[in-house]
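Thanks for coming. I will take one model today and go through its ligand site, its metal site and a few backbone details.

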Amino acid sequence: MEDCLFCKIIAGQIPGDKVYENEFIYAFRDIDPQAPTHVLIVPKEHMQDMMDPRAPQAIAHMTEAAQAIVRSENLEQAGFRAVLNTGVDGGQSVPHLHMHLLGGRSLQWPPG
Ligand code: 5GP
Ligand code: ZN
């Protein structure tokens, strides 16, 4: 996708603070972090959101990456939050499927 911000970060056309990469996944720090750890985990293959028919498989790869990042960021014991914002009401601003991984502070619930 030529005009997709996250596709450009994955391709290295826009700098991203990479924390993890494998064949299927690219993960980088959010530019506007909402917690001490705030990582975006995205499939390398462009898809808009979790309603894409390819999303179940992509989310499995994203979860595997999240487990590795949770360990490398030392969040396993304290806990963390993984979020998939979807569509307008979900507050999604970048139309490339991504998981927010947030941790390093006590997070509130419910969200605003
Ligand atoms: P959404 O609102 O779609 O769930 O999340 C998009 C996230 O992408 C936001 O948390 C926002 O801060 C982050 N973001 C937007 N532009 C950039 C960028 O250029 N680089 C990085 N690393 N994150 C970005
Ligand atoms: Zn994309």
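A backbone N or O atom of S93 lies 2.6 Å from an oxygen atom of ligand 1. I call such a pair a polar contact, that is, N or O atoms within 3.5 Å; within protein, one must be able to donate a hydrogen and the other to accept it, and residues adjacent in sequence count only if both atoms are side-chain atoms. Before I go on: this is a predicted model, where local features need pLDDT of at least 70 and side-chain atom pairs count only at pLDDT 80 or more, while totals for chains, interfaces and linings use all residues. Residues are numbered from 1 along each chain as written, chains are lettered from A and ligands numbered from 1 in the order written, and side-chain values use heavy atoms, without hydrogens or water.

Back to ligand 1. An N or O atom in the side chain of H100 is 2.8 Å from an oxygen atom of the ligand, and a polar backbone atom of I31 is 3.3 Å from a nitrogen atom of ligand 1. Taken alone, ligand 1 exposes 520 Å², and the protein buries 82% of that; these areas come from the Shrake-Rupley method with a 1.4 Å probe, and for residues only the protein chains shown count as cover.

Which residues come nearest? Of the 16 around ligand 1, they are R29, D30, N85, S93 and H100, where "around" means having a heavy atom within 4 Å. By class, this shell has seven nonpolar, six polar and three charged residues. Here Ala, Val, Leu, Ile, Met, Phe, Trp, Tyr, Cys and Pro count as nonpolar, Asp, Glu, Lys and Arg as charged, and the others, Gly among them, as polar. The largest share of the shell, three residues, comes from α1. Helices (H or I, at least four residues) and strands (E, at least two) are DSSP runs, numbered from the N terminus.

H38 is in strand β3, and its side chain reaches the backbone nitrogen of Q34 at 3.0 Å. H38 counts as buried because its relative accessible area is 5%; buried means under 20%, exposed over 50%, and partly exposed in between, with a 1.4 Å probe and protein chains only.

Now the zinc ion, ligand 2. Its protein donors are C4 (SG), C7 (SG), H46 (ND1) and H96 (ND1), at 2.0 to 2.3 Å. Donors are N, O and S atoms within 2.8 Å of the metal (3.2 Å for Na, K and Ca); water is not among the atoms, so sites may look incomplete. Along the chain the donors follow the spacing C-x2-C-x38-H-x49-H. C4, in the segment before α1 (5-10), and H46, in the loop between β3 (37-43) and α2 (55-72), are 42 residues apart, and the pair links distant parts of the chain.

Why is the arrangement called tetrahedral? The four donor atoms subtend angles of 103 to 116°, and four donors count as tetrahedral if all angles lie between 85 and 135 degrees. C4 is buried, at 5% relative accessibility, and H46 is buried too, at 18%.

Two backbone points to finish. A cis peptide bond joins W109 and P110, with omega about 5°; P110 is in the segment after β5 (99-103). N74 is not a glycine, yet has a positive phi of about 60°. N74 sits in the loop between α2 and β4 (80-83) and counts as exposed, at 67%.

Notes: Tetrahedral: all angles 85-135°; square planar, octahedral: opposite > 155°, others 65-115°.
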